[in-house]
Amino acid sequence: MQSETTSDQADPAGQADRTTAAPAESKESLRRVAVASFIGTAIEFYDFYIYGTAAALVLNQAFFPTLDPVNATLASFSTYAVAFAARPLGSVIFGHFGDRVGRKSVLVASLLLMGLSTALVGLLPGYGSWGIWAPLLLILLRFLQGIGLGGEWGGAALLAVEHAPRGRRGLYATFPQLGPSVGFFAATGVFWLLSSGLDDAAFRSWGWRVPFLLSFLLVGVGLFVRLKISETPVFAQVLDAQEAGKVPAADVLRRHPRELLLGAGGMIIAYGLFYTATTYCLSYATGTLGISRNTMLGLSLVACLFLAAGTWLAATRSDGAGRRKLVLLGSGCAVVWGPALFPLLDTRQPVLVALGIGGALFCMGVVYGPMGAFLPELFGTTVRYSGASLAYNLGGVLGGAVAPLVATRLQSSFGSASVGWYVSAMAVVSLACVLALPETRERDLG
């Protein structure tokens with residue numbers, strides 16, 4: 001009879017892993033892998049958050065000037081949601097080739113599509129120049145960005161996890177998970193500098209485009225780093241044994257529907273917290289509370305340090321304490337913090353506003369940090385790219401795409417307190433989903 005530990009090491013379908021952990025690589029090689037996995041998610045969240053910031057501050061007027069303020073904001077956030085809807089499709093496309101061809105080549109393709117689609121937004125004329133074609137092309141670029149993003153995180157996480165020595169997967173998965181903190185800080189910092197250095201007319205005319213155009217440079221840096229890495233040892237074994245599946249996404253749906261749906265549910269609060277506390281709160285604070293744009297961007301820079309701290313603490317401790325326990329802790333804290341978020345914002349006091357947003361992002365980091373190892377460990381090697389990516393991005397649709405839209409409607413109908421309770425409801429859903437999942441840190445990858 002197998003011991004409990006051995007059972008934990010079995011794959012989700014009940015078959016024991018056939019291989020042991022990948023052999024340890026040189027420190028130089030692992031350092032290169034860490035940088036390559038980190039830089040993609042940093043660019044991912046930079047790209048996504050500059051769009052979210054622009055959607056909160058200027059896209060409503062640049063592309064939807066004929067609508068009233070509330071509907072223009074909803075239209076702006078709807079274009080924001082398009083990329084989330086496209087991300088599961090990107091997971092299927094890039095996951096298919098990632099599980100059949102390899103992680104490295106797919107990561108290069110996803111980075112190109114994601115970064116170039118973002119950069120082209122900076123060149124897109126507004127409604128005043130191109131009329132209805134301007135928002136339509138904005139939606140198309142946003143959709144293409146979502147396709148690229150759908151394959152990005154899964155590959156970056158697998159790059160770190162499948163190269164990592166056994167017992168240190170949580171530590172190495174920290175690097176792609178720190179990408180949101182750095183990308184968020186960079187995006188907010190660029191907008192803050194532009195907002196501080198330009199008058200309002202210049203910022204709304206051309207200044208908001210600069211962060212998008214910088215993505216051309218970031219794509220070049222990302223490609224330079226990623227072209228230097230090797231295929232992961234775990235997947236190289238699959239290629240050698242010619243065990244790659246024909247349709248990995250179909251295998252995930254057939255063999256691992258439970259892990260897929262529960263993993264996606266576990267991600268809901270991470271996305272919900274991030275995009276409520278950043279994109280929606282930026283719009284709410286500047287539009288409804290009358291806090292200046294510069295002040296809110298500066299406070300957001302402070303708040304992202306809380307996100308980095310929560311991510312680092314939880315991810316690095318997940319090898320000892322377990323992934324599941326820390327994700328549950330973060331979700332539980334989010335249940336409590338949700339109702340406190342908007343009363344802190346409504347004070348209009350900078351310290352309390354920073355505390356409200358920072359506390360929400362700290363909870364998000366505690367959930368998000370261990371997920372870099374937790375989601376990949378739920379799936380076998382031949383479907384890991386597809387499974388982890390689909391779970392991650394389906395959670396994004398449910399948590400990230402709809403959060404600003406729901407929050408805008410709730411606030412206009414029932415007041416800001418209702419948005420806080422909505423955050424708590426998302427946390428309860430994630431808590432229930434993670435409770436139904438097993439601990440994974442002792443599993444062999446193979």
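Local features rest on pLDDT of at least 70 and side-chain atom pairs on pLDDT 80 or more, whereas totals for chains, interfaces and linings use all residues of the predicted model. Residues are numbered from 1 along each chain as its sequence is written, and side-chain values use heavy atoms, with hydrogens and water left out.

The structure holds 16 aromatic pairs. Rings of Phe, Tyr and Trp (its six-membered ring) pair if their centres lie within 6.5 Å; planes under 30 degrees apart are stacked, over 60 edge-to-face, and the rest tilted. Tyr-49 and Phe-274 pair edge-to-face, at 6.0 Å centre to centre and 70° between the planes. This pair links distant parts of the chain, with Tyr-49 in helix H2 (residues 27-57) and Phe-274 in helix H15 (residues 257-287), 225 residues apart. Helices are DSSP runs (H or I, at least four residues), numbered from the N terminus. Phe-184 and Phe-274 are also edge-to-face, at 5.5 Å and 75°. Phe-184 lies in helix H9 and Phe-274 in helix H15, so this pair ties together parts 90 residues apart in sequence. Phe-184 is buried at 0% relative accessibility. Phe-274 is buried at 1%. Buried means under 20% relative accessible area, exposed over 50%, and partly exposed in between (1.4 Å probe, protein chains only). Ring pairs join Tyr-49, Phe-184 and Phe-274 into a cluster that also includes Trp-153, Tyr-271, Tyr-275, Tyr-368 and Tyr-392.

Helix H9 (residues 179-197) also holds Thr-188. Thr-188 is buried, at 1% relative accessibility. Beyond its neighbours within four places in sequence, Thr-188 contacts Tyr-49, Leu-297, Ser-300 and Leu-301 (contact: heavy atoms within 4.5 Å).

Leu-89, Ile-93, Phe-97, Val-101, Leu-140, Phe-143 and Leu-144 make a nonpolar surface patch of about 570 Å². Patch residues have over 30% relative accessible area and no salt bridge, and nonpolar side chains (Val, Leu, Ile, Met, Phe, Trp, Tyr) are joined within 5 Å. A salt bridge is a side-chain nitrogen of Lys or Arg within 4 Å of a carboxyl oxygen of Asp or Glu. Helices H4 (69-100) and H7 (133-163) each supply at least two patch residues.

Helix H20 (residues 403-414) has twelve residues and reaches 16 Å from its first C-alpha to its last. Its buried residues include Ala-403, Ala-407 and Leu-410. Gly-415 follows H20 with a positive phi, near 95°.

Val-247 sits in the loop between helix H13 (233-241) and helix H14 (248-255). Val-247 is partly exposed, at 45% relative accessible area. Val-247 and Asp-200 are 47 residues apart in sequence and 51 Å apart in space, C-alpha to C-alpha.

Notes: Patches are made of residues with over 30% relative accessible area and no salt bridge: like charges are joined within 9 Å, nonpolar side chains (Val, Leu, Ile, Met, Phe, Trp, Tyr) within 5 Å. Accessible areas come from the Shrake-Rupley method with a 1.4 Å probe; for residues, only the protein chains shown count as cover. The expected span of a helix is 1.5 Å times one less than its number of residues.
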